[in-house]
Amino acid sequence: MNNITISNLDDDIKSRLKKRAEKHGRSLEEEAREILRMALIENHEQPLNLANMIEQRFANLGEFELPEIPREPIRTVSTFEE
């Protein structure tokens, strides 16, 4: 397997990567590998799915229900015929 070196990594990014690795019980290197693997697999194998992207974006907020939006009856379409 080949090695890769990432130079000039921002301190904030490194800190976030460290926290994420700790959260998942991985080393810094394992976490970076997983992020790269997931990014490349997701972009290659799965078509863009907006619903899944929204679900993943808000998954860490926990369970909650949105209120039901009252709807009006469907109106008839005007034809403008004489």
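**Close-up views of a predicted model**

Glutamate 31 counts as buried, because its relative accessibility is 0% (buried is under 20% relative accessible area, exposed over 50%, partly exposed in between; 1.4 Å probe, protein chains only). This is a predicted model: local features need pLDDT of at least 70, side-chain atom pairs count only at pLDDT 80 or more, and totals for chains, interfaces and linings use all residues. Numbering starts from 1 along each chain as its sequence is written, and side-chain values use heavy atoms, with hydrogens and water left out.

**View A. Surroundings of glutamate 31.** Glutamate 31 sits in helix 2, which covers residues 28–45 (helices are DSSP runs of H or I, at least four residues, and strands are runs of E, at least two, numbered from the N terminus). Set aside the neighbours within four places in sequence, and glutamate 31 is in contact with Leu17, Arg20, Ala21, His24 and Arg26 (contact: heavy atoms within 4.5 Å). Two of these residues, Arg20 and Arg26, return in the next view.

**View B. Salt bridges of glutamate 31.** The structure holds 6 salt bridges (a side-chain nitrogen of Lys or Arg within 4 Å of a carboxyl oxygen of Asp or Glu). One of them joins the side chains of glutamate 31 and arginine 20, at 2.6 Å from N to O. This pair links distant parts of the chain: glutamate 31 belongs to helix 2, arginine 20 to helix 1, and they are 11 residues apart. Arginine 20 has a relative accessible area of 40%, so it is partly exposed. Glutamate 31 also forms a salt bridge with arginine 26, at 2.8 Å from N to O. With a relative accessible area of 31%, arginine 26 is partly exposed. Side chains of opposite charge can pair when their charged atoms come close.

View C. Elsewhere, salt bridges with shared partners join Arg20, Arg26 and Glu31 into one network. Arginine 37 is partly exposed, because its relative accessible area is 40%.

**View D. Helix 1 and its ends.** Helix 1 takes in residues 11–24, 14 residues in total. Asparagine 8 is not a glycine, yet its phi is positive, about 55°. Most residues other than glycine have a negative phi. Asparagine 8 counts as exposed, because its relative accessibility is 81%. Just after helix 1, glycine 25 also takes a positive phi, about 70°.

**View E. Lysine 18 and leucine 28.** Lysine 18 belongs to helix 1. It is partly exposed, with a relative accessible area of 43%. Lysine 18 and leucine 28 are 10 residues apart along the chain, and 5.8 Å separates their C-alpha atoms.

View F. Helix 3 has 9 residues; the number buried is 0, so the helix lies largely in the open. At its start, a side-chain oxygen of asparagine 49 reaches to within 3.0 Å of the backbone nitrogen of alanine 51. Phenylalanine 64 is in the segment after helix 3 (50–58). At 49% relative accessibility, phenylalanine 64 counts as partly exposed. Leu48, Leu50, Met53, Ile54, Phe58, Leu61, Phe64 and Leu66 make up a nonpolar surface patch (residues with over 30% relative accessible area and no salt bridge; nonpolar side chains, Val, Leu, Ile, Met, Phe, Trp or Tyr, are joined within 5 Å, like charges within 9 Å). Together these residues have about 910 Å² of accessible area (Shrake-Rupley, 1.4 Å probe; for residues, only the protein chains shown count as cover).

Note on methods. Expected span 1.5 Å × (residues − 1). Polar contact = N/O pair within 3.5 Å; in protein donor to acceptor, adjacent residues only side chain to side chain.
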